Amino acid sequence: MPFARLATATTPTCHIGLGLAAIGRPGYINLGRDEDLGVDRTVESLRARTHELLDAAYAQGVRYFDAARSYGRSEEFLAGWLHARPGITDVVVGSKWGYTYTAGWRTDAEAHEIKDHGLATYRRQRAESAELLGERLDLYQIHSVTPDSPALTDKELHAELAEAAARGLTVGFSTSGPAQADAIRTALAVTVDGEPLFRTVQATYNVLETSAGPALAEAHDAGLTVIVKEGMANGRLADPHAPAAVRAVAQEAGLGSDAVALAYVLRQPWAGVVLSGAATAVQLASNLHAAVVDLDEEQTAGLAALAEEPVAYWAHRGQLPWH
(Lines give C-alpha, C1' and ligand atoms only; values in the text may rest on other atoms or scores of the structure.)
Protein backbone atom coordinates (compact mmCIF):
# COMPACT_ATOMS: atom_id res chain seq x y z
CA MET A 1 0.00 0.00 0.00
CA PRO A 2 1.21 3.53 -0.69
CA PHE A 3 0.70 4.44 2.95
CA ALA A 4 3.69 2.28 3.78
CA ARG A 5 5.71 5.33 2.70
CA LEU A 6 4.49 7.12 5.81
CA ALA A 7 5.83 4.34 8.03
CA THR A 8 9.39 5.27 7.08
CA ALA A 9 8.89 9.01 7.53
CA THR A 10 10.56 10.52 10.58
CA THR A 11 8.82 13.89 10.88
CA PRO A 12 6.19 14.20 13.62
CA THR A 13 3.77 15.68 11.09
CA CYS A 14 3.90 12.84 8.55
CA HIS A 15 0.55 11.51 9.80
CA ILE A 16 -1.17 14.85 9.25
CA GLY A 17 -2.44 15.28 5.70
CA LEU A 18 -3.61 18.32 3.77
CA GLY A 19 -7.14 18.22 2.40
CA LEU A 20 -7.94 20.52 -0.51
CA ALA A 21 -11.72 20.86 -0.07
CA ALA A 22 -11.50 24.44 1.18
CA ILE A 23 -9.09 25.82 -1.43
CA GLY A 24 -9.87 23.94 -4.62
CA ARG A 25 -13.08 25.92 -5.21
CA PRO A 26 -14.32 29.39 -4.26
CA GLY A 27 -17.20 28.22 -2.05
CA TYR A 28 -17.17 25.91 0.97
CA ILE A 29 -18.87 25.55 4.36
CA ASN A 30 -15.96 26.17 6.75
CA LEU A 31 -16.55 28.92 9.30
CA GLY A 32 -14.46 32.05 8.83
CA ARG A 33 -13.66 31.28 5.23
CA ASP A 34 -14.63 34.74 3.96
CA GLU A 35 -11.93 36.22 6.17
CA ASP A 36 -9.44 33.51 5.16
CA LEU A 37 -9.82 33.92 1.41
CA GLY A 38 -11.12 37.45 0.94
CA VAL A 39 -12.75 38.46 -2.33
CA ASP A 40 -10.03 37.38 -4.78
CA ARG A 41 -11.06 33.83 -5.60
CA THR A 42 -10.17 33.58 -9.26
CA VAL A 43 -8.88 30.28 -10.55
CA GLU A 44 -5.34 31.65 -10.70
CA SER A 45 -5.56 33.07 -7.17
CA LEU A 46 -6.69 29.77 -5.67
CA ARG A 47 -4.17 27.86 -7.78
CA ALA A 48 -1.39 30.02 -6.32
CA ARG A 49 -2.79 29.61 -2.80
CA THR A 50 -2.99 25.84 -3.21
CA HIS A 51 0.61 25.62 -4.43
CA GLU A 52 1.74 27.83 -1.54
CA LEU A 53 0.00 25.57 0.96
CA LEU A 54 1.35 22.40 -0.65
CA ASP A 55 4.88 23.82 -0.53
CA ALA A 56 4.47 24.80 3.12
CA ALA A 57 2.93 21.45 4.03
CA TYR A 58 5.66 19.44 2.33
CA ALA A 59 8.40 21.56 3.90
CA GLN A 60 6.88 20.90 7.34
CA GLY A 61 6.69 17.13 6.89
CA VAL A 62 3.19 16.54 5.52
CA ARG A 63 3.18 13.62 3.12
CA TYR A 64 -0.47 12.92 2.28
CA PHE A 65 -2.57 15.18 0.02
CA ASP A 66 -6.31 14.67 -0.43
CA ALA A 67 -8.44 15.93 -3.34
CA ALA A 68 -11.75 15.01 -5.01
CA ARG A 69 -13.48 15.43 -8.35
CA SER A 70 -16.03 17.68 -6.61
CA TYR A 71 -13.47 19.96 -4.97
CA GLY A 72 -13.54 22.36 -7.90
CA ARG A 73 -10.09 22.29 -9.52
CA SER A 74 -8.29 20.60 -6.64
CA GLU A 75 -6.99 17.73 -8.76
CA GLU A 76 -5.81 20.17 -11.43
CA PHE A 77 -4.03 22.34 -8.86
CA LEU A 78 -2.41 19.32 -7.20
CA ALA A 79 -1.37 17.83 -10.54
CA GLY A 80 0.27 21.10 -11.55
CA TRP A 81 2.18 21.26 -8.29
CA LEU A 82 3.42 17.68 -8.68
CA HIS A 83 4.41 18.24 -12.31
CA ALA A 84 6.48 21.28 -11.36
CA ARG A 85 8.29 19.31 -8.63
CA PRO A 86 9.28 15.97 -10.21
CA GLY A 87 11.77 15.31 -7.45
CA ILE A 88 9.02 14.94 -4.86
CA THR A 89 8.31 11.22 -4.94
CA ASP A 90 7.61 10.41 -1.29
CA VAL A 91 4.07 11.79 -1.01
CA VAL A 92 0.82 9.85 -1.10
CA VAL A 93 -1.90 11.30 -3.32
CA GLY A 94 -5.57 10.51 -2.80
CA SER A 95 -8.71 11.63 -4.59
CA LYS A 96 -12.40 10.73 -4.66
CA TRP A 97 -15.16 10.10 -7.15
CA GLY A 98 -18.93 10.08 -6.75
CA TYR A 99 -19.74 13.80 -6.60
CA THR A 100 -19.67 16.12 -9.61
CA TYR A 101 -18.79 19.78 -9.10
CA THR A 102 -21.65 21.89 -10.46
CA ALA A 103 -21.14 25.40 -9.03
CA GLY A 104 -19.38 26.82 -12.08
CA TRP A 105 -16.85 28.64 -9.85
CA ARG A 106 -19.61 30.57 -8.06
CA THR A 107 -20.21 30.84 -4.32
CA ASP A 108 -23.94 31.43 -4.69
CA ALA A 109 -24.78 28.40 -6.82
CA GLU A 110 -28.01 26.58 -6.03
CA ALA A 111 -26.14 23.25 -6.01
CA HIS A 112 -22.38 23.03 -5.54
CA GLU A 113 -22.10 19.29 -6.15
CA ILE A 114 -24.29 16.39 -7.22
CA LYS A 115 -23.87 12.87 -5.86
CA ASP A 116 -23.99 9.76 -8.05
CA HIS A 117 -22.32 6.48 -7.12
CA GLY A 118 -23.28 4.73 -10.35
CA LEU A 119 -20.87 2.83 -12.58
CA ALA A 120 -21.10 5.40 -15.40
CA THR A 121 -20.02 8.17 -13.04
CA TYR A 122 -17.11 6.09 -11.82
CA ARG A 123 -15.92 5.42 -15.37
CA ARG A 124 -16.19 9.09 -16.35
CA GLN A 125 -14.53 10.46 -13.25
CA ARG A 126 -11.83 7.79 -13.20
CA ALA A 127 -10.83 8.91 -16.69
CA GLU A 128 -10.88 12.56 -15.62
CA SER A 129 -8.71 11.88 -12.59
CA ALA A 130 -6.31 9.76 -14.64
CA GLU A 131 -5.92 12.51 -17.22
CA LEU A 132 -4.83 14.97 -14.54
CA LEU A 133 -2.93 12.85 -12.03
CA GLY A 134 -1.86 9.84 -14.08
CA GLU A 135 0.35 7.44 -12.17
CA ARG A 136 0.73 9.91 -9.30
CA LEU A 137 -2.75 8.93 -8.06
CA ASP A 138 -2.23 6.40 -5.28
CA LEU A 139 -5.68 6.19 -3.70
CA TYR A 140 -9.14 6.50 -5.26
CA GLN A 141 -12.06 6.67 -2.83
CA ILE A 142 -15.82 6.48 -3.24
CA HIS A 143 -16.97 9.85 -1.95
CA SER A 144 -19.34 9.97 1.06
CA VAL A 145 -20.75 6.47 1.20
CA THR A 146 -23.90 6.04 3.27
CA PRO A 147 -25.56 2.73 4.20
CA ASP A 148 -28.01 3.03 1.28
CA SER A 149 -25.35 3.83 -1.31
CA PRO A 150 -25.59 1.63 -4.44
CA ALA A 151 -21.80 1.54 -4.42
CA LEU A 152 -21.99 -0.98 -1.58
CA THR A 153 -24.04 -3.49 -3.59
CA ASP A 154 -23.10 -2.91 -7.25
CA LYS A 155 -21.14 -6.05 -8.20
CA GLU A 156 -20.17 -4.69 -11.61
CA LEU A 157 -18.71 -1.60 -9.97
CA HIS A 158 -16.89 -3.78 -7.44
CA ALA A 159 -15.36 -5.81 -10.25
CA GLU A 160 -14.03 -2.70 -11.98
CA LEU A 161 -12.67 -1.29 -8.73
CA ALA A 162 -10.96 -4.63 -8.06
CA GLU A 163 -9.46 -4.52 -11.55
CA ALA A 164 -8.07 -1.06 -10.86
CA ALA A 165 -6.65 -2.36 -7.58
CA ALA A 166 -4.98 -5.25 -9.40
CA ARG A 167 -3.22 -2.66 -11.58
CA GLY A 168 -1.82 -0.93 -8.49
CA LEU A 169 -4.42 1.65 -7.47
CA THR A 170 -5.49 1.52 -3.83
CA VAL A 171 -9.29 1.53 -3.51
CA GLY A 172 -11.02 3.15 -0.55
CA PHE A 173 -14.19 4.96 0.51
CA SER A 174 -15.21 7.93 2.60
CA THR A 175 -18.33 8.24 4.72
CA SER A 176 -20.66 11.01 5.80
CA GLY A 177 -23.79 11.45 7.88
CA PRO A 178 -25.09 10.14 11.20
CA ALA A 179 -24.88 6.47 10.12
CA GLN A 180 -21.17 6.46 9.33
CA ALA A 181 -20.57 3.42 11.52
CA ASP A 182 -23.16 1.36 9.63
CA ALA A 183 -21.67 2.38 6.29
CA ILE A 184 -18.17 1.43 7.45
CA ARG A 185 -19.22 -2.00 8.68
CA THR A 186 -21.17 -2.71 5.49
CA ALA A 187 -18.17 -1.67 3.37
CA LEU A 188 -15.84 -3.90 5.38
CA ALA A 189 -17.94 -6.88 4.29
CA VAL A 190 -17.60 -6.12 0.55
CA THR A 191 -15.40 -8.68 -1.17
CA VAL A 192 -14.40 -9.58 -4.72
CA ASP A 193 -13.31 -13.18 -5.31
CA GLY A 194 -13.17 -13.66 -1.57
CA GLU A 195 -10.82 -10.72 -0.95
CA PRO A 196 -11.77 -7.44 0.79
CA LEU A 197 -12.22 -4.68 -1.77
CA PHE A 198 -11.45 -1.59 0.30
CA ARG A 199 -8.05 -0.83 1.79
CA THR A 200 -8.76 2.62 3.28
CA VAL A 201 -11.63 4.41 4.97
CA GLN A 202 -12.00 8.17 5.40
CA ALA A 203 -14.53 9.36 7.97
CA THR A 204 -15.55 12.37 10.02
CA TYR A 205 -14.33 12.15 13.61
CA ASN A 206 -13.79 14.98 16.08
CA VAL A 207 -14.55 15.85 19.69
CA LEU A 208 -18.12 16.73 18.71
CA GLU A 209 -18.75 13.67 16.50
CA THR A 210 -17.21 10.45 17.82
CA SER A 211 -19.86 7.93 16.77
CA ALA A 212 -17.71 6.30 14.06
CA GLY A 213 -14.89 5.54 16.49
CA PRO A 214 -15.66 1.87 17.24
CA ALA A 215 -16.24 1.08 13.55
CA LEU A 216 -13.00 2.84 12.62
CA ALA A 217 -11.19 0.73 15.19
CA GLU A 218 -12.67 -2.36 13.54
CA ALA A 219 -11.52 -1.13 10.14
CA HIS A 220 -8.02 -0.56 11.47
CA ASP A 221 -7.98 -4.05 12.99
CA ALA A 222 -9.04 -5.42 9.59
CA GLY A 223 -5.97 -3.85 8.02
CA LEU A 224 -7.44 -0.68 6.52
CA THR A 225 -5.70 2.68 6.76
CA VAL A 226 -7.99 5.13 8.54
CA ILE A 227 -8.03 8.73 7.29
CA VAL A 228 -9.89 11.25 9.45
CA LYS A 229 -11.56 14.29 7.91
CA GLU A 230 -13.24 17.28 9.50
CA GLY A 231 -11.22 16.98 12.69
CA MET A 232 -12.14 20.59 13.45
CA ALA A 233 -15.83 20.19 12.58
CA ASN A 234 -15.72 22.68 9.68
CA GLY A 235 -14.26 25.36 11.94
CA ARG A 236 -16.48 24.82 14.97
CA LEU A 237 -13.43 23.65 16.94
CA ALA A 238 -11.13 26.48 15.84
CA ASP A 239 -10.81 29.87 17.51
CA PRO A 240 -12.92 31.89 18.07
CA HIS A 241 -15.73 29.34 17.70
CA ALA A 242 -14.28 26.52 19.84
CA PRO A 243 -16.12 25.44 23.01
CA ALA A 244 -14.72 26.68 26.31
CA ALA A 245 -13.32 23.26 27.21
CA VAL A 246 -11.22 23.19 24.05
CA ARG A 247 -10.04 26.77 24.54
CA ALA A 248 -9.05 25.99 28.14
CA VAL A 249 -6.79 23.12 27.08
CA ALA A 250 -5.36 25.27 24.31
CA GLN A 251 -4.54 28.02 26.77
CA GLU A 252 -2.73 25.54 29.00
CA ALA A 253 -0.70 24.33 26.03
CA GLY A 254 -0.06 27.82 24.69
CA LEU A 255 -1.43 26.80 21.30
CA GLY A 256 -4.55 27.26 19.22
CA SER A 257 -7.80 25.38 19.76
CA ASP A 258 -7.32 23.84 16.31
CA ALA A 259 -4.12 22.10 17.42
CA VAL A 260 -5.88 20.68 20.47
CA ALA A 261 -8.83 19.45 18.41
CA LEU A 262 -6.56 17.68 15.93
CA ALA A 263 -4.37 16.30 18.72
CA TYR A 264 -7.44 14.63 20.20
CA VAL A 265 -7.94 12.78 16.91
CA LEU A 266 -4.25 11.93 16.51
CA ARG A 267 -4.42 10.34 19.96
CA GLN A 268 -6.79 7.64 18.69
CA PRO A 269 -4.75 4.45 18.18
CA TRP A 270 -6.55 3.64 14.92
CA ALA A 271 -5.98 7.03 13.27
CA GLY A 272 -3.54 6.60 10.38
CA VAL A 273 -3.80 10.06 8.80
CA VAL A 274 -5.61 13.12 10.15
CA LEU A 275 -6.45 15.83 7.62
CA SER A 276 -5.86 19.53 8.00
CA GLY A 277 -8.27 21.60 5.97
CA ALA A 278 -6.21 24.78 6.28
CA ALA A 279 -6.91 27.64 3.89
CA THR A 280 -3.89 29.75 4.88
CA ALA A 281 -0.25 29.06 5.70
CA VAL A 282 -0.79 30.44 9.21
CA GLN A 283 -3.66 28.03 9.80
CA LEU A 284 -1.57 25.15 8.49
CA ALA A 285 1.32 25.93 10.82
CA SER A 286 -1.08 26.11 13.75
CA ASN A 287 -2.75 22.83 12.77
CA LEU A 288 0.61 21.07 12.56
CA HIS A 289 1.33 21.87 16.21
CA ALA A 290 -1.17 19.09 16.94
CA ALA A 291 1.67 16.63 16.48
CA VAL A 292 3.38 17.86 19.65
CA VAL A 293 0.34 18.39 21.89
CA ASP A 294 0.44 15.92 24.78
CA LEU A 295 -3.07 15.56 26.17
CA ASP A 296 -3.33 14.00 29.62
CA GLU A 297 -6.16 11.71 30.68
CA GLU A 298 -8.13 14.46 32.41
CA GLN A 299 -7.93 16.74 29.38
CA THR A 300 -8.89 13.91 27.06
CA ALA A 301 -11.91 13.03 29.20
CA GLY A 302 -13.02 16.66 29.25
CA LEU A 303 -12.83 16.87 25.47
CA ALA A 304 -14.65 13.55 25.04
CA ALA A 305 -17.54 14.92 27.10
CA LEU A 306 -18.27 17.44 24.33
CA ALA A 307 -19.58 14.76 21.95
CA GLU A 308 -22.99 15.47 20.46
CA GLU A 309 -25.65 13.10 19.25
CA PRO A 310 -24.80 12.23 15.62
CA VAL A 311 -28.18 13.30 14.23
CA ALA A 312 -27.85 16.71 15.91
CA TYR A 313 -24.25 17.12 14.77
CA TRP A 314 -25.03 16.36 11.14
CA ALA A 315 -28.15 18.52 11.18
CA HIS A 316 -26.01 21.43 12.34
CA ARG A 317 -23.44 20.72 9.65
CA GLY A 318 -26.15 20.60 7.01
CA GLN A 319 -27.21 24.12 7.96
CA LEU A 320 -23.76 25.67 7.50
CA PRO A 321 -23.84 28.15 4.61
CA TRP A 322 -21.50 28.02 1.62
CA HIS A 323 -19.16 31.01 1.74
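## A buried arginine and a closed barrel

At 14% relative accessibility, arginine 236 counts as buried, because buried means under 20% relative accessible area, with exposed over 50% and partly exposed in between (1.4 Å probe, protein chains only). Before we go on: this is a predicted model, where local features need pLDDT of at least 70, side-chain atom pairs count only at pLDDT 80 or more, and totals for chains, interfaces and linings use all residues. Residues are numbered from 1 along each chain as its sequence is written, and side-chain values use heavy atoms, leaving out hydrogens and water.

So where does arginine 236 sit? Look in the loop between β11 (225-229) and α9 (244-253). These labels are DSSP runs numbered from the N terminus: helices are H or I with at least four residues, strands are E with at least two. Leaving aside residues up to four places away in sequence, arginine 236 touches Leu31, Leu208, His241, Ala242, Pro243, Glu308, Tyr313 and His316; contact means heavy atoms within 4.5 Å. With glutamate 308, the side chain of arginine 236 makes a polar contact of 2.7 Å. That term covers a pair of N or O atoms within 3.5 Å; within protein, one must be able to donate a hydrogen and the other to accept it, and residues adjacent in sequence count only if both atoms are side-chain atoms.

Now for the barrel. Eight strands close up in the order β1-β2-β3-β6-β7-β10-β11-β12, with parallel pairing. From one strand to the next, the twist averages 25°. Two strands pair if DSSP finds at least two bridges between them. Here are some of the pairs:

| Strand pair | Bridges | A residue pair |
|---|---|---|
| β7 (170-175) and β10 (200-204) | three | serine 174 and glutamine 202 |
| β1 (16-19) and β12 | three | isoleucine 16 and valine 274 |
| β11 and β12 | two | valine 228 and valine 274 |

Strand β12 (residues 273-276) has Val273 and Leu275 pointing one way and Val274 and Ser276 the other, and all are buried.

Helix α4 (residues 74-84) packs on the sheet, touching β2 (64-66), β3 (92-97) and β6 (139-145). Its direction makes about 160° with that of β3; axes are lines fitted to C-alpha atoms, for helices over the stretch in contact, and angles run from 0 to 180 degrees between N-to-C directions. Which residues of α4 are buried? They are Ser74, Glu75, Phe77, Leu78, Ala79, Trp81 and Leu82. The buried residues of α4 pack against α3 (43-59), β2, β3, α5 (119-133) and β6.
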